[in-house]
Amino acid sequence: MDVSRPEERAPVDLDMRVWGMGADGRAFSQCARARNISAGGALLCGIEHELKIGDTIGVKAGEKKARCKVVWAMKTGSVQNIQVGVQLVSRLECPWRALLPKGEGDA
């Protein structure tokens, strides 16, 4: 499957805090890992709560927080639980800007 992305993604292994409302209607807060990032979004792994496309969740990397919209979600059947692709609601809030390759987060 060749999916063209508007931005270059940088591979990372970044601790994150993720919170929001799961598909079951219950609030959650947990640790997760970002596996790749861009100026506009990220791939998050280790999510323990089912999420739906369009859900808004909070993410925190270090001391910086942002709101993200879930653009896809997939159960992996592995130790990494659920993977989700998220898009930042506002690029001004990009909490991982300092980790992007030079020039990526400057727009």
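A nonpolar core, as I use the term, is a set of buried Ala, Val, Leu, Ile, Met, Phe, Trp, Tyr and Cys residues joined through side-chain atoms within 4.5 Å. Buried means under 20% relative accessible area, exposed over 50%, partly exposed in between (1.4 Å probe, protein chains only).

Ground rules first. This is a predicted model, where local features need pLDDT of at least 70, side-chain atom pairs count only at pLDDT 80 or more, and totals for chains, interfaces and linings use all residues. Residues are numbered from 1 along each chain as its sequence is written, and side-chain values use heavy atoms, with hydrogens and water left out.

**Core.** I looked up the largest nonpolar core, which has 27 residues. M16, V18, L44, I57, V59 and W96 touch the most other members. Then I checked which elements give two or more residues to this core: β1 (10-21), β2 (27-37), β3 (41-47), β4 (56-61), β5 (64-75) and β6 (82-88). Strands here are DSSP runs of E, at least two residues, numbered from the N terminus. β1 gives the most, with five residues.

**V59.** Not counting residues up to four places away in sequence, V59 touches M16, R17, V18, W19, L44, K64, K65, A66, C68, P95 and W96.

How many residues of β3 are buried? Seven of its seven are, so I noted β3 as mostly covered. For pairing I need at least two bridges found by DSSP between two strands. β2 and β3 run antiparallel and are joined by four bridges, and they form a hairpin with three residues between them. In that pair, A34 stands opposite L44. β3 also pairs with β6 in the antiparallel sense, over five bridges, with L43 opposite G85.

**Q83.** Next I went to Q83, in strand β6. Is Q83 buried or exposed? Q83 has a relative accessible area of 15%, so it counts as buried. Leaving aside neighbours within four places in sequence, I find Q83 in contact with L43, L44, C45, W72, A73, M74 and T76.

**W72 and the surface.** W72 lies in strand β5. I have W72 down as partly exposed because its relative accessibility is 31%.

How values were computed: Contact = heavy atoms within 4.5 Å.
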